[in-house]
Each structure stands twice: as structure tokens, then as C-alpha cells.
Amino acid sequence: MSRLIIVSNRLPITINKQEGELIYHPSAGGLATGLNSLDDSTDKLWVGWPGREVRDLWEQKGIRRDLESQHLYPVFLSKKEIKLYYEGFSNKTIWPHFHYFTQHTTYNEEYWEAYQTANQHFADEVLKIVQEGDRVWVHDYQLMLLPALIREKHPNISIGFFLHIPFPSYELFRMLPYREALLKGVLGADQLGFHTYDYMRHFLSAVYRIAGYEHQFGRITVDNRPVNIDVFPMGIDYNKYAYPEVNYFQEDDSLKIKALAEKQKLIISIDRLDYTKGITQRIRAFEQFLTKYPAYRGRVTLLMLVVPSRSNVDQYKDLKEQIETSVGRINGLFGSFDWVPIQYFYRSLNFSQLTTLYQVAQIAMITPLRDGMNLVAKEYIASKETSKEGVLILSEMAGASNELTEAITVNPQDIENMAESIRIALEMNKKEQAWRLQNMQEKLKKYDVKHWAHTFLKVQTQLMEEQKNKSILRLKKKTKKDFIEAYKKAKRRLIILDYDGTLMNFHPDPKAVIPDESLLRLLKKLAENESNKLVVNSGRDRPTLEAWLGPLGIDLAAEHGVWIKHHDNWQRNPNLASDWKKSIIEVLETMVERTPGSFIEEKDFSVAWHYRRVDRDFGEKRVREFRDVLLYLTANLDLQVLEGNKVVEVKNAGVNKGKASLQWINAEDWDFVMAIGDDHTDEDTFKVLPAHGYSIKVGLAASVARFNVLSVDEVRSVLRDLVEE
């Protein structure tokens, strides 16, 4: 049975001691519901903090046995660690910053140290139970360092990470002094999930600009390990809210809520006490509505439920006072003996009360200033499954707005617009209400919390299998042994090597990758073996290759095969023109003027525009701008436009590394043929190798090559193995 280790800040259970007995309360949260819905073929283990009470009870009355029998593994944190790690760094640094409330961001080194320590505690507990072949799924902002800590000890384990809050824009994220450590931490995962594309886009931007990793369709490579970044919007347990169980209804409360709804048009507002929820702005919008539309006074009530949260934090104390002051002022200003404009409750409701409130409310006003998803909006829509009556007013800043497009969306800072939205919602006819609700309900039924959990893990499992398949192609110990044995037995050997990205790492300045002494000695030893024919086949220009590698006396191919050096003589591919370069260079010079940091490299029979020093997105914008221009200019000139690693090259069509390589491949009956390269231009070489040839791709990108190595260092290691044999 496959095993899934779930790691979150809290275990999905609460333990209380009542009259000497331990009482276990399972979590009703969406995360626990979604993960518990996974089929029985997955053995689920859960690691998390069990609460303050459990530490003192750990050795009493079999609590250890009770928890482990449910596959629950506690992480014990001291009161000080909770104060500094959870209440401190998690909720006073990451939470406000990621929600764009930088005025509340606290920079405290003691908080940061506690955050690192707590994440290590979680890692220690995971490492006690993790096994090869397990999948690990880490959740949320409290544990952003954890994936890398696990990866350090288990480099081949499959790790997922999901962020349940927004990820801020790069300009905001870059302000954090801990930014690189947080990115490095989450990039220890194989897969990262976000609620919306915006959050994913912000993350990819930060990763590129801070850590230097570029993505291709949401995938980046970290330490030669692919990492998938994708969008997985979290859903709800739809049927739970559409068809709520009534066996534990508190009938008195239910009747009171229904009675209120019969007298008034009821607008509900349900939030945890938090400055990100836009509660004070919502109150102002309701006040504006009552001011602008006095005919609705006495007919509409705003029922505000504010769930207590972090009451010991100053910002939350101040917010509570603001809310209560505003509610009191508006009720005093507009209220009458038989009508209270705002019914305000500072407490939580049980499930019975909550679902009743959802069912009878004509309008739900969910208008956070910033929210990762907001499941309350989805719960309200689900509760209207039977009645098909109700209107959702939803902030465009909530992640849920990307899915619930039939809601009335508002800017939560636009008080006038929110007030007007209340009027529109109250006057909306039942047919339109039903149409909007039904469309949203169909989406929520299909993409519920079970679908969310299943989809994330399905993709993570696919990645794990993909990695296993790629590892088969790796030139590992056994395959390398066979490879070296074939080399030793051969009498005539042909070795074809690319240069940039194969023998030398890339550099922002293409002229800065002069071969080092170690590489020159290695190539010289290979070339000195009389059984070897060594060829460097590169896109570099002829003078550069001659200056760097000419003294070795090896064969060379420059400009992808425009020039061939064989037996110390350079020969040019016949029937090539270069008079086209003038018009192309004029276009490229315009691009250089408009793109600071880019430059032109002119070769004998090709021209390249490099943008290695330019911001990736800016460079690609320029590429899109003049791609069509280049294609138009080259259409009738028998030219080819190649897009490479931050370079666009225009060259003669029909010239490629494969055709150049054939000059050596067809020259003799080789016992051993090997080609190593790193980019798409080397694929032409791989394709023309004989069936017994060894084609080796540097990196894990898709390739026709038989084998993969991960880096330039590994290429050199392979070559050293050949030299030493």
C-alpha cells in the first residue's frame, strides 16, 4: 500500500480533558475532509502540532497509542516556540506581508530563528517515519522551510507543497529579508500548488528574479530536479452544505434565525476577525446603502458574524474596537424600536446555526481585501442547492472569484460600488438568481474538495513516475560500466562534443567562457589516444573556436557546421550566402537600442541577438515583437530563425550540427561513437548517430538521446573516466 505523509501546522484532531477523561474531536476543516476522502489504497499518516494540552498528557492513559492507532504523529512545541514561531513569524510576518498589509509586517530576528527551529522540529518528526517510496504533502505558510529540510535527508522522496494563502507580487515579496530562504525551502518540493493563476505567476516571477530559475510552462529545474508549479483551486464538501444533516440541530436558534429572515431581507457577513477581511469597509458600504436608498430602511438587516481570532494581538484588538464602534454608531443613527440595521455577533456558530443562516439569507456579502480562496462563499452557494434563491456579492480580491464568476464581484475598497451592489442584489429577479446559482453550483459539485486532493496527488504521483522513468536513462553506475567497457573494447572511436552548456557552463557574457586548464588537459588526453577522433561541434564562430581549441589539434565544426576543420584545415560549406546579414542586423540593432543589456553577435554566415543580461519577460516580449518581422524578412532567403537559451539566431537553412557530424560519422567504420550536447541544436547530431552510438543529453529535458547526465561537471566526470581507462 502506498503511503502519504501529510504535514500541517495542526493535527486534524483536538484533544481536551474533561472530568479526567480525554475527549477527541475530529477536525471539520476542508483539508481534513479532502484528504480523508482519498481511497483506502493510500495509507495516510498525519504529522502536526496537537495543541498545548497534549504535551502534558502525552504519557497518560494511552494517548500515544490512541494517536498512533489513527496514524497521527504529534510535533511538540513549547509555549515560547508557539509564541515566536506561530504567533510571531507566521502571523506577524508572513501573514500580513503575503496579504499586502506591509504596515503590519514585523521584522524580528527572534521570530525568524524560532520559525527555523520549529520547521526543523517538524522535519525531525517526519524523518522518523518517512520511507523510500512515500509521498509527502506539506501544507501552508507555517512550514515553508520544511520541504528543503526533508529533501536534504531524502533526496529521492516525492514532496508536494500547497500554499493556502495568497503569494504576493515580486515587488512586495522582495522586501522580506528572509525571501531567499523561504524560496529555497518550498523549492525542496517536487510540486507546488496555489489556489489561483495570479499567485502562481507571482511565485514564478519571484523565483526567477531572486533565485534565478526560469520556468517553461510552469516547470523549473532546481539542482537538476524538475519542479512543477501549478494551480489547484480548493473546493468544499459540497453535499455537506447542500444537504446538511439535522440530527443535532438546536431548534431554538434555528427558529430565531428563520424568524428574523421572514421579517427582513437578510444580508449575511461571515468572517474571522482579521484586518484582511474588509469588515470595516463592508460596514461603511452598508451605511452608504442606507443613506442613498432610505426606502430600504427597516426592510434590510446586515447580520455580521465575526469569529474571534488572535485576540491578544494589538491590531486585532484595535480592529474589534473599530467594528463595535461603527456598528453602534450606525444602529444608533438608523435604527428604530422594531429594527436593528446591523445584528453583530462576536462568536462562532455551530454547524446547524451556520447552515440555517446560509439557507435563509437573501444575500451573502463576502468582501475580503485579500484572501487566498474563501470557502465561505462556496459554502453559501452550496446551501442554495434546493431553493435556488440568493445572491453572492464577492470581492474580486478573493481567490474564489476566479471560479464564482456569476457572483456580483466588487472592489472591496470601492464603498460606492459595494453599496450599489447591495441594491442590485436586492432587486435581482428570481430567474436570474437561479441562473447564477445553478452555474456556480455545477462548478462546485464537480470541483469539490475531494477532486482538489485527488488531482494534486495524481499529478504528484505522475511526476514521481516521470522521475523514475528519467532516472532509468541516467548514466548511472551500471550503465556507465557497460559504456566504459564498450569504449575499452573499441579500436576506432568517434567522440563528438558540444561546447557551451556541455563542456563549459553558461555565462551572461558569451566571451567569458574560455576553456579552463582542467578542461584543456582533459581534451588533450582524449585527443592523444590514437584510437580516438575527437570533434567539438559548436554554434560558436570559427575564430573563437580556433583561438580556444585550435592548439589542441582536434577537429572542429563552427556555426553549426558552416565551417569544418579537418586535419588542421578549415573548409566552408559551399553555396552559402552572407549578403542577407545587412538587413537582419539593421532590425537587430533596433532591438538592441530598445533593449538595454542585449547585444548582437555577428558570425560569418549567421547573426545572433543575445538577451542573457535582460529580464526574461522583457526579453521574451521583444522576441515576440520582432519574431514575425524576422520570419517575413527571411521567408524568401533560405534562412532559418532559431530560438535558443536567451538567444535568437538567424542562419542559413539546411546547415545544422547533424549534417556536419555526418562528415565524421560516414568517414570510417567506427567501433564506438559518442555524442554529448545540451540543447535542441544537438538533437540533430543525436538523430544521425548509428544505432550502436551513445547519445548523451545534458539535463533532463525531452530528448532523443539514449542517456542523460545532469551537469557540465558530470560530463567532465564521464570524460575523465574514459581518459583513465
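How many cavities of 30 Å³ or more are there by the grid rule? The count comes to four. Here a cavity is a set of points, on a 1 Å grid over the protein atoms alone, where a 1.4 Å probe fits but cannot get out. Grid points are joined across faces, edges and corners, and a volume is the space filled by probe spheres set on the points. The model is predicted, so local features need pLDDT of at least 70 and side-chain atom pairs count only at pLDDT 80 or more, while totals for chains, interfaces and linings use all residues. Residues are numbered from 1 along each chain as its sequence is written, and side-chain values use heavy atoms, with hydrogens and water left out.

The largest cavity has a volume of about 360 Å³. Its lining comprises 24 residues, of which H560, R612, V647, E649 and D679 are the closest to its centre; a lining residue has an atom within 4 Å of a point. Two or more lining residues come from each of β23 (606–610), β24, β25 and α25 (680–688). Helices (H or I, at least four residues) and strands (E, at least two) are DSSP runs, numbered from the N terminus. The most is given by β24, with three residues.

Strands β23, β24 and β25 also belong to a four-stranded open sheet, in the order β22-β23-β25-β24, with antiparallel pairing. Two strands are taken to pair if DSSP finds at least two bridges between them. Because β22 (599–602) and β24 (639–644) each have a single partner strand, they stand at the edges, and one side of each is left without a neighbour in the sheet. From one strand to the next, the twist averages 15 degrees, with axes fitted as lines to C-alpha atoms and angles running from 0 to 180 degrees between N-to-C directions. Six bridges join β24 to β25 (residues 647–652), and V641 has V650 of β25 as its bridge partner.

A parallel arrangement is found at β14 (residues 363–366). This strand is paired with β11 (residues 265–272) over two bridges in the parallel sense, and I267 stands opposite I363. Four bridges join β14 to β15 (residues 391–395), again running parallel, with L394 in β15 as the bridge partner of I366. Both faces of β14 are covered, I363 and M365 being buried on one side and A364 and I366 on the other. Buried means under 20% relative accessible area, with a 1.4 Å probe and protein chains only.

In helix α6 (residues 146–153), the buried residues are L146, P147, L149, I150 and R151. Their cover includes β1 (2–10), α5 (109–129), β6 (135–139), β7 (158–162), α8 (179–186) and β10 (225–231).

Two loop residues are also buried. R540 lies between β18 (532–537) and α21 (542–549) and has a relative accessibility of 6%. Its side chain makes a polar contact with that of D500 at 2.8 Å; such a contact is a pair of N or O atoms within 3.5 Å, and within protein one must be able to donate a hydrogen and the other to accept it, residues adjacent in sequence counting only if both atoms are side-chain atoms. Beyond four places in sequence, the contacts of R540 (heavy atoms within 4.5 Å) include Y499, P510, W548 and K603.

A490, in the loop between α19 (477–489) and β17 (493–497), has a relative accessible area of 5%. A490 and D671 are 181 residues apart in sequence, yet 5.2 Å apart in space, C-alpha to C-alpha. Leaving out residues up to four places away in sequence, A490 touches D671 and F672.

Key. Buried < 20%, exposed > 50% of the residue type's maximum accessible area, 1.4 Å probe, protein only. 1 Å grid on protein atoms, 1.4 Å probe; cavity = no way out; pocket = protein on both sides within 12 Å on 5 of 7 lines; lining within 4 Å.
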